[in-house]
Amino acid sequence: MDRKEITYRFVYADRCNMCGRTDFNVLGKRLNQHQGRNPKQKIGITTTVVQCRACGLIFANPLPIPQRIADHYEVPVDLYFGEQLKEIPETYFQHEINTFKAIYPARASMRGLDIGTGLGGVMKALIRNDVDAYGLEPSKSFYEYALTRGFPSDRLFNQSLEEASFPDSFFDLILFSAVFEHLYDPNQALVTALRWLKPGGLVYIGVPSNRIFVQLLANLFYRLRGMDYVSNISPMHAPFHLYEFGKETFEKNAQLNNYSIAQVDFWTTHDYVFAKPNPVIKIITKLTRTDMNMILWLRKN
């Protein structure tokens, strides 16, 4: 969809969504398109990117919210997912399932909820590992595509988390895989998920880190050229990331919502800069903990 066709309302935040504090650092501006080397030469609209001083959460303030959420996600599946449309391998998400089994006591019957099912890879992994799998997918085009891949309509629902209803203490595992950073109110989403989760159950969250090496390089490049732009988040263009998180973000949030952090991992899929994996960059990111992604396992107390 042409970006000029989307109308936004801009909502100011007077406090951090994840920890409730009110003091922020201004990082810079973010365009409604890919910025490249010289964003000041591009025509578009910007929003301010800030970082919470208490927990490190990075977000847009004001937050641009489209009048129709469908303007972001009601797009053809092949346009949004591209190469990911290839057949999902049998090993997909198996490492994460193995981690779940290692840190969660075995039960005869377990239920899992995948929030933001997308192509259905996570649901498929749950089913493969004998977990009774449910899914929520608010995008109609993504939902219909998942149905064509054999997911039952009595387990996969064309609903957002806000629209869905499940019994309290119903699930052993709830997953936000590449979803949490898209939610306008991640704290409330976590509150809802914890209510649906059994005591001792786990929430899996995979999110972009607030310290990504290539972003730090890009931001330094902008500053050296005298520009007040940053490369963090992408609230008005694909992939529509609204937040970047730190481990301290969830440590502060855990105090508010009565859960504990069972495990944290970091990993990088690719660095977006070099055509081929760069071994030097890989070593630096591992040593400095500036990987692109952060994986958290949260345990309901």
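This is a short tour of the structure, from the whole chain down to single residues. The model is predicted.

**Whole chain**

Start with everything shown. The protein chain holds 9 helices and 13 strands. Its C-alpha trace spans about 60 × 40 × 40 Å along the principal axes. The radius of gyration is 19 Å, which agrees with the value near 19 Å that a compact globule of 301 residues would have. Of the 301 residues, 50% count as buried. Among contacts with a separation of 6 or more, 73% join residues 24 or more positions apart.

Now select residues 111-115 and 171-177. These are strand 6 and strand 9, which pair in the parallel sense over 3 bridges. Pick Leu113, then look across to strand 9: Ile174 stands opposite.

**Helix 6**

How many of the residues of helix 6 are buried? The count is 8 of 11, so the helix is mostly covered by the under 20% cut-off on relative accessible area. Color the buried ones: Pro186, Asn187, Ala189, Leu190, Thr192, Ala193, Leu194 and Trp196.

Then click Val191, also in helix 6. Is Val191 buried or partly exposed? Its relative accessible area is 27%, so Val191 is partly exposed. Draw a C-alpha to C-alpha distance from Val191 to Leu256: 9.7 Å in space, for residues 65 apart in sequence.

**The nonpolar cores**

Nonpolar side chains tend to be buried together in soluble globular proteins. Here the largest nonpolar core has 49 residues. Select Phe176, Phe180 and Phe250, which have the most contacts inside that core. Helix 6 gives the largest share of the core, 5 residues.

Center on Phe180. Leaving aside residues up to four places away in sequence, Phe180 touches Met18, Pro186, Ala189, Leu190, Ile205, Val207, Phe245 and Phe250. Pro186, Ala189 and Leu190 are buried residues of helix 6.

For the last stop, select Ile103, Tyr104, Leu126 and Ile295. They are included in a second, separate core of 22 residues.

Conventions
Residues are numbered from 1 along each chain as its sequence is written. This is a predicted model: local features need pLDDT of at least 70, side-chain atom pairs count only at pLDDT 80 or more; totals for chains, interfaces and linings use all residues. Side-chain values use heavy atoms; hydrogens and water are left out. Two strands pair if DSSP finds at least two bridges between them. Helices (H or I, at least four residues) and strands (E, at least two) are DSSP runs, numbered from the N terminus. Buried means under 20% relative accessible area, exposed over 50%, partly exposed in between (1.4 Å probe, protein chains only). A nonpolar core is a set of buried Ala, Val, Leu, Ile, Met, Phe, Trp, Tyr and Cys residues joined through side-chain atoms within 4.5 Å. Contact means heavy atoms within 4.5 Å. The radius of gyration is taken over C-alpha atoms; the globule rule is 2.2 Å times the number of residues to the power 0.38.
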